[in-house]
Amino acid sequence: MTIETAIRVCASSSVTATAAFSAWQAIESKMEEIGVNTNRRRASLIGQCAHESAKFRMRFENLNYSAAVLWKVFRHKFASQAETNSFARQPEKIANRVYANRMGNGNPASGDGWRYRGRGFLQLTGKDNYTRYGDAIGEDLVANPDRAADPDVCWLIAAEYFARTRRSGRNVLEWSDVPDIIMVTKAINGGTHGLSDRVVLTGRAHAELTGEASTAEWQSLLLNAGFNPGPIDGLFGARTKAAQEAAEAHFGVSGEGLLEVLRGID
């Protein structure tokens, strides 16, 4: 039960897992200093980063958009739908248009949109953020923006984001302590896009770090056995509690005994 296995069960391949874990090892003490110092916090960071980066596979923003997607997503950046045709499938040109004159970037001709496009597990974007997070981790990301895509820096930026970003009175690390994966997700995503995958990945990481079944696993197992816990959201609410109690009464066991029974049901 280690950080290595926690990362591995959330990774897209052994190659991405090895790169992500080797990077974590190299900066583990810095992660602890930032505040990623409990298993709940580690699991939350690993699970959310895995989701945001396609399981540690994507560390550069994909801006290879068609004209149709450009018009749908960035309509306010173009004078007409016809104009998007001259930008389609040209990532650098797209970045310099859609990220110009905001987040500390200059105009399209400055090249800042492309230079400071999304990088890292959580897609650090914009010159202001490259400045802010570079200062926080002791890296000159403004002069060397590609460093933001190196796995060790990806982890440090993500950890700093968790420590710095607040929502409803708590930072992301503190919401991870609760644990409240919905609030963690909202702090990262702005909404709850991909919540079910985030729940699964965070649960996998937590199980590997602690040897304990996550709430999400309990919910999945209870549902599979015919006891409805409500949505599989990783939150141990009244419906999950009632489903667990019903399963305990039905099978005559609780705790690890019940978990073993539920895992044995096809």
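Helix axes are lines fitted to C-alpha atoms over the stretch in contact, and angles between N-to-C directions run from 0 to 180 degrees. Helices are DSSP runs (H or I, at least four residues), numbered from the N terminus.

**Entry 1: Sources.** I noted that this is a predicted model, in which local features need pLDDT of at least 70 and side-chain atom pairs count only at pLDDT 80 or more, while totals for chains, interfaces and linings use all residues. Residues are numbered from 1 along each chain as its sequence is written, and side-chain values use heavy atoms, with hydrogens and water left out.

**Entry 2: Helices α4 and α12.** I looked up how α4 (residues 39-52) and α12 (residues 195-210) meet: their axes come within 8 Å and cross at roughly 140 degrees. That makes α4 oblique to α12; angles under 35 degrees count as roughly parallel, over 145 as roughly antiparallel, 65 to 115 as roughly perpendicular and the rest as oblique. I recorded the crossing as right-handed, the near helix being turned clockwise from the far one by less than a right angle. Among the residues that make the contact are R40, A43 and I46 of α4 and R198, L201 and A205 of α12; contact means heavy atoms within 4.5 Å.

**Entry 3: Helix α6.** I listed the buried residues of α6 (residues 91-98) as I94, A95, N96 and V98. Buried means under 20% relative accessible area, exposed over 50%, and partly exposed in between (1.4 Å probe, protein chains only). These buried residues pack against α5 (67-73) and α7 (112-115).

**Entry 4: Aromatic pairs.** I found 8 aromatic pairs in the structure. Rings of Phe, Tyr and Trp (its six-membered ring) pair if their centres lie within 6.5 Å; planes under 30 degrees apart count as stacked, over 60 as edge-to-face and the rest as tilted. F78 and F87 pair edge-to-face, 5.1 Å centre to centre with 75 degrees between the planes. F78 is buried at 7% relative accessible area, and F87 is buried at 6%. F121 and W155 also form an edge-to-face pair, at 4.9 Å and 70 degrees. This pair links distant parts of the chain, 34 residues apart: F121 lies in the loop between α7 and α8 (127-137), and W155 in α9 (residues 151-164). I also noted that ring pairs link W24, F56, F121 and W155 into a cluster.

**Entry 5: Charges over rings.** The charged end of R117 sits over the ring of W114, 3.7 Å from its centre. R164 lies over the face of Y133, 5.7 Å from the ring centre. The criterion is NZ of Lys or CZ of Arg within 6 Å of the ring centre and within 35 degrees of the ring normal.

How values were computed. Helices (H or I, at least four residues) and strands (E, at least two) are DSSP runs, numbered from the N terminus.
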